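Reader: Hi! Could you walk me through this one? I'm new to reading structures.

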Amino acid sequence: MAPPPAHPQRSPSPSQPSGKSEVTDLRSQLRQLAGSRAPGADDAKRDLFKKVISNMTIGIDVSSLFGEMVMCSATSDIVLKKMCYLYVGNYAKVNPDLALLTINFLQRDCKDDDPMIRGLALRSLCSLRVANLVEYLVGPLGSGLKDNNSYVRTVAVIGVVKLYHISASTCLDADFPATLKHLMLNDPDTQVVANCLSALQEIWTLESTSSEEAAKERETLVSKPVIYYLLNRIKEFSEWAQCLVLELVAKYIPSDNSEIFDIMNLLEDRLQHANGAVVLATSKVFLHLTLSMADVHQQVYERIKAPLLTQVSAGSPEQSYAVLSHLHLLVMRAPYIFSSDYKHFYCQYNEPSYVKKLKLEMLTAVANESNTYDIVTELCEYAANVDIPIARESIRAVGKIALQQYDVNAIVDRLLQFLEMEKDYVTCEALTNTKLESSSMQVLVKDLLRKYPQWSQDCIAVVGNISSKNVQEPKAKAALIWMLGEYSQDMPDAPYVLESLVENWDEEHSAEVRLHLLTAVMKCFFKRAPETQKALGAALAAGLADFHQDVHDRALFYYRLLQYKVSVAESVVNPPKQAVSVFADSQSSEIKDRIFDEFNSLSVIYQKPSYMFTDKEHRGTLEFSDELANLSINAEAGDSAVPAQRVEANDNDLLLSITEKEEGRDAASNGSAYSAPSYDGASATSAASQSLADLAFSSTSGSGQAPASSFAIDDLLGLDFSVGAAATPSPPPLSLNPKAVLDPGTFQQKWRQLPLSLSEDFSLSPQGVAALATSNALLRHMQSHSIHCIASGGQSPNFKFFFFAQKAESASIYLVELLINSSSAKSQIKIKADDQSTSQAFSTLFQSALSKFGTA
Amino acid sequence: MLQCIFLLSDSGYYSVSYYQFVTFFRIIEPMVLDLWFRHREVMLEKQLTGHRVDRSICGWFWDQSISQGDSFKQLPVIASPTHYLFQVFREGITFLACTQVEMPPLMAIEFLCRVADVLNDYLGGLNEDLIKDNFIIVYELLDEMIDNGFPLTTELNILQEMIAPPNIVSKVLSVVTGTSSNVSDTLPGATSSCVPWRTADTKYAQNEVYVDLVEEMDATINRDGALMKCEVYGEVQVNSHITGLPDLTLSFTNPSILDQVRFHPCVRFRPWESHQILSFVPPDGQFKLMSYRVRKLKSTPIYVKPQLTSDGGTCRLNVMVGSRNDHGKTIDSVTVQFQLPSCILSADLTSNHGTVSILADKTCTWNIGRIPKDKAPSMSGTMVLETGLERLHVFPTFRVGFKMMGVALSGLQIDKLDLKTVPYRFYKGFRAVTRAGEFEVRS
């Protein structure tokens with residue numbers, strides 16, 4: 001496998017670059033050969049050229065040889081020519097003056113008898129990319145486009161695009177686009193036609209931003225005559241050109257249904273093509289054409305199903321991944337269509353794990369009454385797999401299927417079997433990975449219990465045997481604690497386990513676990529007060545002294561609740577449970593639709609619409625309708641901040657497990673460290689979090705009265721309230737620096753570096769939405785509240801803003817991303833802050849400022 | 001539109017130094033070792049558009065692949081801060097393409113796969129040394145295959161006419177004739193012909209067509225020994241040497257068993273649709289006419305029965321292999337391979353036929369070869385589990401390899417092959433072979 005590091009005997013191989021001295025050596029040798037017409041000269045030259053290019057390939061700068069190379073280039077040998085073209089094309093840009101020397105021989109070659117040489121020369125000429133040489137390009141390109149050999153014409157057409165990128169005006173002045181259009185509609189060679197099409201799309205798309213006429217021309221590309229002309233010849237096109245044409249057809253809007261069927265009939269055999277790219281492009285055309293016809297759309301799914309499934313199993317893993325990503329999209333849209341094909345999504349042992357992961361998700365999606373048993377059986381086999389991440393993933397999948405309500409008995413049985421199986425290892429304290437497995441199990445069991453309370457008896461017996469000491473992962477620990485609290489009446493030693501956990505409060509690093517612990521102790525208290533009393537007191541005291549804002553707030557909240565009335569507290573903390581029917585989905589359907597619109601593009605692979613990960617300037621020259629996210633109104637910073645956000649969003653995605661997703665539902669917090677989940681049933685949750693928020697912000701004033709009203713509870717819990725009161729860090733009134741400055745570069749950098757500290761959804765007032773219509777009104781309004789806008793953009797109904805603000809008398813900066821949907825009056829803010837602890841206060845400030853928008 | 005293509009070599013480690021290091025300094029993070037000793041370089045760089053892509057992107061790519069570990073290593077589409085990267089990994093070479101615009105991902109991946117295939121055919125293999133020795137040819141090929149970021153032609157036949165492959169024949173020729181150019185003087189006729197995969201005027205003294213059915217059996221047998229999945233993926237490979245512009249028809253006796261067919265662009269769709277007949281003008285030379293899948297097969301020609309029992313910290317393994325053959329053909333090159341779970345400290349496995357080897361990465365391979373007629377091969381032995389572990393809780397999957405000549409296990413049979421339009425006599429040859437594809441037995 002591994003080659004020995006050196007091959008001293010093979011000089012042309014670029015394995016051992018020796019740098020400077022070799023370049024000077026080459027220079028002198030080239031000089032010697034430059035004028036030589038001796039018989040062996042060409043061979044010697046070829047060896048030398050090869051050395052030069054091999055140096056170039058491995059990244060040594062050989063541009064200093066430019067002059068010598070050009071001198072040697074007068075030759076009739078085609079390989080020498082090619083090497084020379086390659087070299088010249090690479091270095092002309094940095095040597096514009098010397099590049100002039102090459103023009104001469106390239107122009108001469110453009111008139112050579114051999115079409116191959118004409119084509120090569122023309123291609124190299126256009127690849128020089130030196131701005132002051134464009135005048136020499138127009139002539140050869142013009143004659144190249146009229147050349148009687150199709151090879152030269154294909155090269156010339158692409159040459160026009162290259163010319164356009166060097167100097168757009170020269171290209172347009174020579175009227176090349178019109179010539180290309182003529183060629184496209186008349187040339188007998190399909191490669192020429194395809195190149196014209198791609199060239200025209202590129203030129204007119206770029207041109208259409210400034211010129212009305214070009215925009216119109218671009219529209220004509222998707223007009224009926226052009227589309228029909230291309231479709232009728234589609235079988236003559238090369239496979240790649242077919243992709244290009246199909247991409248264009250997908251944008252065409254047929255006038256009536258018969259036209260749709262004509263196109264589909266014509267393209268049907270493309271689905272059988274050996275090239276996966278063609279198959280996918282055809283699928284896209286079919287899906288887009290039939291969007292308006294629900295029943296036919298359904299049939300299209302059926303029709304493209306088989307070819308896509310073939311593609312999955314036929315190609316290399318890379319190809320099958322790309323196809324699977326698209327299938328994944330379709331499966332998620334219409335799982336019932338694929339429910340009989342579930343066996344296609346079974347994992348093979350040596351598939352890469354990214355493929356397995358996609359397959360598991362699809363298996364989860366297609367499960368229904370008839371196939372659940374098979375799927376779960378299969379998934380259970382993966383659970384004993386050597387591949388630990390996949391084993392965990394498949395256990396999770398089993399849980400998800402269980403939540404879909406099919407054949408629950410069997411599944412819960414299986415899950416419990418897992419738990420028992422896992423228990424073995426836990427007692428053995430075997431490996432960390434087995435612990436991990438068991439922890440993912442518990443998270444699952446918790447979810448199940450939330451949904452199917454009737455199963456609790458069975459589970460408790462099993463769970464009760466798991467010692468909390470053996471569980472390390474915060475998620476699992478939180479799940480276990482939740483169960484302890486929730487089913488404390490059935491678990492004899494629950495209060496004591498909780499108590500020991502409270503004693504070790506300081507060793508618990510995860511805020512999530514501490515939050516759960518607080519709630520669990522509360523719940524336990526209402527069920528078995530005498531035993532829990534001591535633990536509750538300790539927990540509340542510890543909670544109040546906690547440095548974490550959420551933990552502190554919740555402890556305070558519980559404390560006040562208990563003070564107010566114990567029965568009210570019970571109804572808030574321990575309301576009658578209703579089974580959860582559905583867990584919130586992670587992605588909104590709007591986003592899914594958008595991804596679907598971008599079928600056969602990178603969006604599908606990333607599972608995000610393109611506006612979330614591409615800059616506008618890069619949004620594809622082929623993009624005909626970019627309705628959304630014109631982010632570049634104010635400054636570039638907005639644009640470039642998007643990729644940063646994307647990277648982060650990616651991370652979030654990777655981390656999203658089912659539990660995190662549904663926690664997002666609770667407190668609108670995105671599964672970040674700050675999530676404050678309280679698993680108390682839907683109605684209570686909103687009430688609780690509402691009052692929690694209220695309490696938190698009135699606490700400055702509230703803490704004054706607290707000691708007076710704290711009577712029995714303190715005694716009962718053995719709480720010395722002075723600890724709590726003293727530890728209450730009253731949120732200081734936050735004031736902002738009205739003259740804050742931040743340049744876009746720093747903003748971007750900070751946005752990338754800082755963790756997301758807060759994310760909230762809220763509604764806008766109707767006046768606010770109305771006021772949005774006037775541009776910059778919002779920006780001025782926010783500025784009056786010392787919150788400055790750095791970038792904004794978007795088109796109705798979606799707007800996006802980036803704000804920043806600085807805390808007065810401090811260097812601490814807040815960064816805000818605000819998304820507003822004006823049609824639904826919904827908005828979302830994401831806040832990042834240098835000083836995390838004050839971000840909640842800033843959020844309130846921001847929202848109150850925003851709520852005044854439009855009213856003033 | 002692709003902006004740049006890189007060929008990167010990543011052929012493992014400098015063998016000697018790395019392993020010595022590992023044994024001496026086990027304490028050092030494997031990742032750091034990876035950085036020091038991994039042998040990586042940019043072998044080739046081909047800029048396709050005016051937006052020059054800096055080489056530093058490769059550095060980013062390597063950093064990522066180190067930090068993300070192996071699962072990232074294989075993810076074919078990645079977003080870097082500046083570009084979207086497509087990667088295809090073949091034989092220690094990464095084909096990396098960069099773009100900044102939205103484009104059909106499969107097009108990029110397909111194209112890279114095609115580049116890999118073409119290079120493989122041209123250079124007679126694919127490895128670092130071959131590419132470095134022939135980098136001029138690689139440049140020439142890329143030049144013709146893609147222009148301005150858009151794929152042009154990837155048809156091997158046509159490329160071969162533009163750029164001659166560096167085979168021994170041409171080397172000998174060049175010595176004899178003195179012309180050492182590997183570029184043909186004439187342009188391929190096909191660039192202007194209406195059948196893009198074939199040149200207009202091919203001439204052969206002897207006309208012959210060989211049709212091969214090459215099949216791979218994919219099967220999954222679950223823990224209870226039940227056949228979960230058994231399918232055959234097959235290809236019809238044709239090698240045609242016929243004068244002129246021949247029109248061939250190929251028909252099967254039982255086309256109805258075929259599921260999910262894919263065709264070479266030369267196959268006409270209508271005759272297949274109406275009569276299940278393959279009608280086509282073949283490219284010259286070797287090509288893949290169609291691929292197909294046959295599902296829901298009832299049995300496999302070979303059985304593998306693993307048994308694992310574990311108790312008290314040891315585990316007993318017994319694997320039986322035998323032929324369930326009703327085709328009368330012998331089964332060759334039988335191998336059984338599996339990964340020992342990481343909790344196994346040592347294994348002592350012996351077999352009554354063939355050889356058993358266990359590699360350092362705990363891959364165990366049992367090479368059986370041809371299954372003997374008189375006895376059923378079996379492998380057995382004990383494995384010691386990690387201390388503290390009573391029983392085995394992860395179970396290996398056994399992957400089985402075999403080969404059968406002269407039989408297509410799907411049962412597909414060729415009926416006849418006819419030549420229309422050109423009135424030559426020609427020689428027809430048919431062959432079939434079946435190999436194991438993803439044949440796995442779970443325990």
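Author: Happy to! C524(A) counts as buried, because its relative accessibility is 0%; buried means under 20% relative accessible area, exposed over 50%, and partly exposed in between, with a 1.4 Å probe and protein chains only. This is a predicted model, where local features need pLDDT of at least 70, side-chain atom pairs count only at pLDDT 80 or more, and totals for chains, interfaces and linings use all residues. Residues are numbered from 1 along each chain as its sequence is written, chains are lettered from A and ligands numbered from 1 in the order in which they are written, and side-chain values use heavy atoms, with hydrogens and water left out.

Reader: Is C266(B) buried or exposed?

Author: C266(B) is buried, with a relative accessible area of 4%.

Reader: OK, helices now. At what angle do helix 7 and helix 10 of chain A cross?

Author: Helix 7 (residues 135-145) and helix 10 (residues 176-186) of chain A cross at roughly 15°, and their axes come within 11 Å. Helices here are DSSP runs of H or I with at least four residues, strands are runs of E with at least two, and both are numbered from the N terminus. The axes are lines fitted to C-alpha atoms, for helices over the stretch in contact, and angles run from 0 to 180 degrees between N-to-C directions.

Reader: How about helix 13 and helix 15 of chain A, what is their angle?

Author: Helix 13 (residues 224-232) and helix 15 (residues 257-267) of chain A pack at about 25°, with axes 11 Å apart. That pair, helix 13 and helix 15 of chain A, is therefore roughly parallel too. From helix 13 of chain A come K224(A), Y228(A), L231(A) and N232(A), and from helix 15 of chain A come E259(A), I263(A), L266(A) and L267(A).

Reader: Switching to chain B: how many helices and strands?

Author: Chain B has 10 helices and 23 strands. Of its 443 residues, 57% are buried.

Reader: Where does T220(B) lie, and what does it touch?

Author: T220(B) lies in strand 8 (residues 208-221) of chain B and is buried, at 4% relative accessible area. Leaving out residues up to four places away in sequence, T220(B) touches residues including Q348(A), L227(B) and R442(B).

Reader: Which way does phi go for K296(B)?

Author: Phi of K296(B) is positive, near 55°. Most residues other than glycine have a negative phi. K296(B) lies in the loop between strand 13 (285-294) and strand 14 (302-311) of chain B, and is exposed at 71% relative accessible area.

Notes
Angles under 35 degrees count as roughly parallel, over 145 as roughly antiparallel, 65 to 115 as roughly perpendicular and the rest as oblique. Contact means heavy atoms within 4.5 Å.
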